[in-house]
Amino acid sequence: QVQLVESGGGLVQAGGSLRLSCAASGRTFSIYEMGWFRQAPGKEREFVAAIRWSSGSTYYSDSVKGRFTISRDNANNTVYLQMNSLKPEDTAVYYCAADTNPSPIIKYVRVRQRYDYWGQGTQVTVSS
């Protein structure tokens with residue numbers, strides 16, 4: 001089992017920044033990649049960013065590329081999402097997720113069904 005706890009959400013004005021954190025515990029050695037997803041009211045949960053745990057390779061959705069940065073601290077089993085130039089359309093509950101199923105197929109990082117473990121979510125609200 002892997003447990004994930006997110007923190008760092010809040011209310012920010014458009015153009016501002018926030019940094020989300022996700023602390024992993026339990027069988028962290030089994031983590032292959034970590035991802036951030038978000039879900040706005042009335043919409044499906046969508047991929048935001050992911051990072052391969054060992055290599056550090058990163059992947060982003062087109063909507064956040066150039067504004068968000070995902071990073072990890074292997075020693076502390078923590079993944080971060082630095083969000084800059086925030087827009088009202090970034091408003092959502094942000095979820096951290098862990099995938100323990102190794103696969104070389106890069107497109108799989110965007111598939112939420114691939115992820116085995118999820119955090120409880122943290123609200124990000126961007127006001128205009």
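Visitor: Which residues does Met83 touch, not counting residues up to four places away in sequence?
Guide: This is a predicted model, in which local features need pLDDT of at least 70 and side-chain atom pairs count only at pLDDT 80 or more, while totals for chains, interfaces and linings use all residues. Residues are numbered from 1 along each chain as its sequence is written, and side-chain values use heavy atoms, with hydrogens and water left out. With contact taken as heavy atoms within 4.5 Å, and with residues up to four places away in sequence not counted, Met83 touches Gly16, Ser17, Leu18, Leu20, Arg67, Phe68, Tyr94 and Val124.

Visitor: Which residues have the most contacts inside the largest nonpolar core?
Guide: A nonpolar core is a set of buried Ala, Val, Leu, Ile, Met, Phe, Trp, Tyr and Cys residues joined through side-chain atoms within 4.5 Å, where buried means under 20% relative accessible area, calculated with a 1.4 Å probe on protein chains only. The largest such core has 28 residues, and those with the most contacts inside it are Met34, Trp36, Val79, Leu81, Met83 and Tyr94.

Visitor: How many residues does the second, separate core have?
Guide: Its members include Phe47, Tyr59, Val109 and Tyr115. The number of residues in this second core is seven.

Visitor: What is the order of the four strands in the open sheet?
Guide: Strands are DSSP runs of E with at least two residues, numbered from the N terminus, and two of them pair if DSSP finds at least two bridges between them. Strand β8 (residues 78-83) is joined antiparallel to β3 (residues 18-26) by six bridges, and it pairs with β7 (residues 68-73), also in the antiparallel sense, over six bridges. The order of the open sheet, with antiparallel pairing, is β1-β3-β8-β7.

Visitor: Why is one side of β1 and of β7 left without a neighbour in the sheet?
Guide: Both strands, β1 being residues 2-7, stand at the edges.

Visitor: Which residue in β8 is the bridge partner of Ile70?
Guide: The hairpin of β7 and β8 has four residues between the strands, and Asn77 takes a positive phi near 50 degrees there. In β8, the bridge partner of Ser21 is Tyr80, whereas that of Ile70 is Leu81.

Visitor: How far apart are the sulfur atoms of Cys22 and Cys96?
Guide: A disulfide is a pair of cysteine sulfur atoms within 2.5 Å, and a search of the whole structure finds one. Both Cys22 and Cys96 are buried, and their link is left-handed, with -75 degrees about the S-S bond. The distance between their sulfur atoms is 2.0 Å.

Key. Buried means under 20% relative accessible area, exposed over 50%, partly exposed in between (1.4 Å probe, protein chains only).
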